[in-house]
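Here are some notes to read alongside the model. Have the structure open and follow the points in order.

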Amino acid sequence: MPPKTCTVTLTDVRGSRHSVEVLAESLFEAAALGLKLLREDGWVDKPGPATRLDVQVNTPAVRHEVTVQQIQRWLEGASISPNEMVRKAKLKAMLGQM
């Protein structure tokens, strides 16, 4: 599947919404990339495992919601292909310790 532009949004404990655009090939890749960029931003408190990330695919417009814990489980789960294994390893390295 070709990469799609997605908007990843996180609502912090104060109710503030933070969004970032990423280019990703899957829902969890978009969520992980968005989480990484939002954590690096410095304006977002460290999200916990129950933090929800809203992922909206921009074209066609589709919206999904995952938690940080679901991202962790996906990264630790079995890969369906060598390509996915490489992507997961890259995302794990980018995210470091969650």
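1. Start with Arg-17, which counts as exposed because its relative accessibility is 52% (exposed means over 50% relative accessible area, buried under 20%, partly exposed in between, with a 1.4 Å probe and protein chains only). Arg-17 lies in strand S2; helices (H or I, at least four residues) and strands (E, at least two) are DSSP runs, numbered from the N terminus. Leaving aside neighbours within four places in sequence, Arg-17 is in contact with Thr-9, Leu-10, Thr-11 and Arg-63, where contact means heavy atoms within 4.5 Å. Arg-17 and Ala-50 are 33 residues apart along the chain, and 16 Å separates their C-alpha atoms.

2. A word on the source: this is a predicted model, in which local features need pLDDT of at least 70 and side-chain atom pairs count only at pLDDT 80 or more, while totals for chains, interfaces and linings use all residues. Residues are numbered from 1 along each chain as its sequence is written, and side-chain values use heavy atoms, with hydrogens and water left out.

3. Now go to Thr-9, one of the contacts of Arg-17. Thr-9 sits in strand S1 and counts as buried because its relative accessibility is 5%. Its side chain makes a polar contact with the side chain of Ser-19 (2.7 Å); a polar contact is a pair of N or O atoms within 3.5 Å, where within protein one must be able to donate a hydrogen and the other to accept it, and residues adjacent in sequence count only if both atoms are side-chain atoms. Not counting residues up to four places away in sequence, Thr-9 also touches Arg-52, Leu-53 and Asp-54, among others.

4. His-18 has its place in strand S2 and counts as buried because its relative accessibility is 14%. The partner in its side-chain polar contact is the side chain of Asp-12, at 2.9 Å. Beyond four places in sequence, the contacts of His-18 include Leu-38, Trp-43 and Val-44.

5. Look next at the largest nonpolar core, which has 23 residues. Such a core is a set of buried Ala, Val, Leu, Ile, Met, Phe, Trp, Tyr and Cys residues joined through side-chain atoms within 4.5 Å. Val-22, Leu-35, Leu-53 and Ile-71 have the most contacts inside this core. H1 gives the most to the core, with 6 residues. Leu-53, leaving aside neighbours within four places, is in contact with Ala-31, Leu-35 and Ile-71, among others.

6. Helices H1 (residues 27–41) and H2 (residues 68–76) have axes that come within 10 Å and cross at roughly 120 degrees. Here axes are lines fitted to C-alpha atoms, for helices over the stretch in contact, and angles run from 0 to 180 degrees between N-to-C directions. The contact involves Phe-28, Glu-29, Ala-31, Ala-32 and Leu-35 of H1, with Val-68, Gln-70, Ile-71 and Trp-74 of H2.

7. Last, check the loop between S3 and strand S4 (62–67), where Pro-60 lies. The peptide bond from Thr-59 to Pro-60 is cis, with omega near -5 degrees. For context, most peptide bonds are trans.
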